Amino acid sequence: MDDQQRQDEWANDRSNRLPSFTEVLSRRTRPPVDLFMFYLFLQREGAEDILDFWLDVQQHENLCRAYFKDVRKTGRTIKEDWPQYWDYARRRGSIYGTVVGLNSDGLHTKRSTASGELLNEQEMRNLAATDEKTGRSTSPRLTPGVSEHTHVASTSPNNDRPTTPFSLSGRTPTLFNLKRASRAPTVIPRSSAITRQDLIASAERIYFRYLSPAGNTVNSQENHEIYLPPSLRIHSFPLSSSVEPKSQSELAIMAQIPDMFHAQKEYCFRAMEQDAFPRFLRAKAFGNLTPISALVRLILGLIILWIGLATAFSLVFLDVHPKSKRFFLFIPFTFAILFLVSHQYELDPILVFFGQSETTPFRTLRIKEPYVKKLLLGRAIWVTVLVAAFVTALTLLFWAVPGHRL
């Protein structure tokens, strides 16, 4: 089954419901309820770091899976290659149980209970292959790092470590950088097998970027510490990617590297699912305007309404003839009521009828999620009827009032 057929099946399954958070994270949804739009939604609230952390940890876990698979391709077992990790995984459980062969021994394997299974390796390869053919990326990242569907490919002759893709400077989306951000690569090029030092470097970057207090980092601009409850905080990272661990204590700590951030990742998943995601669905499945755009409509609506009322009263108190001229008041009243009602519902019916939803203020993309399109179309029809009713009432009211010249 190719990627397009899989996407069609997912779309048909959601024909009468809103998507789940897991589906958004795994890129099974379409605009305006896709991962990129969710990232922009968090960015407007200044809370995108928690999603960045989740994506980076997912990348770290994918890197660890790639390491274990590289080891197995050499014919060695994980127990032979990394005995410290094997012992740790047997005692504590691991999310990589299937990859390293723990399940085959009937041993307990720790699994994700909140985020669930996202995409398997074949699906990840299909998505990446599709992106390479079309020149399109599904990554929502506007900051350094790559998405959870990033996989590792041996394509670079000059670099033996995974490299992060080109990323945009700054943290605020603009009219000029959104299109560039959507073309971030989804493949990390490399020329050799992943090493344990690569895993340490990945974990080290995550720790100093998201978990270390700002005062403990060399470059404070690269620190985006996220909130975690005390029981999940990591207070130090004693390993270094530039020095190979040698002591027993360092080797024991290195054995925890693959699973190090999984509990924190699950906490962030639940926090986003319970707080930000419902608000995101309300904003994008029942409206198509950004807050700034809605505010601009409120201001314009009040100004045009004042102009319309001033003109209407002038026609009444100047007793302008013929009286039919007052029917032209429907023009300012239409714009004023449309802008005011659009602000109230955060929905522009004209944009909906053209199948558009805003990403950033006054920048739109096409609505492709079937159920969301159905919801927005129904609300757009209701808003249109409401606007027509108000405009008709105001126009007839000022037409019926007898003129009286002052």
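This is a predicted model: local features need pLDDT of at least 70, side-chain atom pairs count only at pLDDT 80 or more; totals for chains, interfaces and linings use all residues.

Student: What makes Gln 264 buried or exposed?

Tutor: Set the value against the cut-off: buried means under 20% relative accessible area. Gln 264 has 5%, so Gln 264 counts as buried.

Student: Which residues does Gln 264 touch, leaving aside its neighbours within four places in sequence?

Tutor: Phe 53, Leu 228, Leu 232 and Ile 234. Leu 232 comes up again, as its backbone oxygen lies 2.7 Å from a polar atom of the Gln 264 side chain.

Student: Why would you call that a polar contact?

Tutor: The cut-off is a pair of N or O atoms within 3.5 Å. The distance here is 2.7 Å, so the pair falls inside it.

Student: Which side chain does the side chain of Arg 297 make a polar contact with?

Tutor: That of Ser 293, at 2.4 Å. Not counting residues up to four places away in sequence, Arg 297 also touches Leu 289, Phe 339, Ser 342, Asp 348, Leu 351, Glu 358 and Phe 362.

Student: Phe 362 is on that list. How do you know whether Phe 362 is buried or exposed?

Tutor: Exposed means over 50% relative accessible area, and Phe 362 is at 54%, so Phe 362 counts as exposed. Phe 362 sits in the loop between strand 3 (356–360) and strand 4 (363–366), and its phi is near 70°, a positive value in a residue other than glycine.

Student: What about phi of Asp 319?

Tutor: Phi of Asp 319 is near 50°, also positive in a residue other than glycine. Asp 319 is in the loop between helix 13 and helix 14.

Student: And why is Asp 319 called partly exposed?

Tutor: Buried is under 20% and exposed is over 50%. Asp 319 is at 25%, in between, so it gets the label partly exposed.

Student: Where are the cis peptide bonds you've been looking at?

Tutor: One runs from Pro 31 to Pro 32, with omega near 10°, and another from His 321 to Pro 322, with omega near -5°. Pro 32 is in the loop between helix 2 (21–25) and helix 3, while Pro 322 is in the loop between helix 13 and helix 14 (330–345).

Student: How many residues are in the largest nonpolar core, and which of them touch the most other members?

Tutor: There are 87, and Phe 38, Phe 68 and Phe 261 touch the most other members. Helix 4 (residues 48–73) gives this core its largest share, 12 residues. Phe 261 touches residues including Phe 53, Val 57, Tyr 207 and Ile 234.

Student: What about cysteines: are Cys 64 and Cys 268 buried or exposed?

Tutor: Cys 64 is at 0% relative accessibility, so it is buried, and Cys 268 is at 0% too, so the label is again buried.

Student: Last one: where does UniProt place the "transmembrane region" feature?

Tutor: The unreviewed UniProt entry puts it at residues 298–320, 327–345 and 380–401. In the model, residues 298–320 are 87% helix and 0% strand, and residues 380–401 are 95% helix and 0% strand.

Definitions and conventions: Residues are numbered from 1 along each chain as its sequence is written. Side-chain values use heavy atoms; hydrogens and water are left out. A nonpolar core is a set of buried Ala, Val, Leu, Ile, Met, Phe, Trp, Tyr and Cys residues joined through side-chain atoms within 4.5 Å. Buried means under 20% relative accessible area, exposed over 50%, partly exposed in between (1.4 Å probe, protein chains only). Helices (H or I, at least four residues) and strands (E, at least two) are DSSP runs, numbered from the N terminus. Contact means heavy atoms within 4.5 Å. UniProt positions are given in the numbering used here, feature names are shortened, and annotations may be inferred rather than shown by experiment. A polar contact is a pair of N or O atoms within 3.5 Å; within protein, one must be able to donate a hydrogen and the other to accept it, and residues adjacent in sequence count only if both atoms are side-chain atoms.
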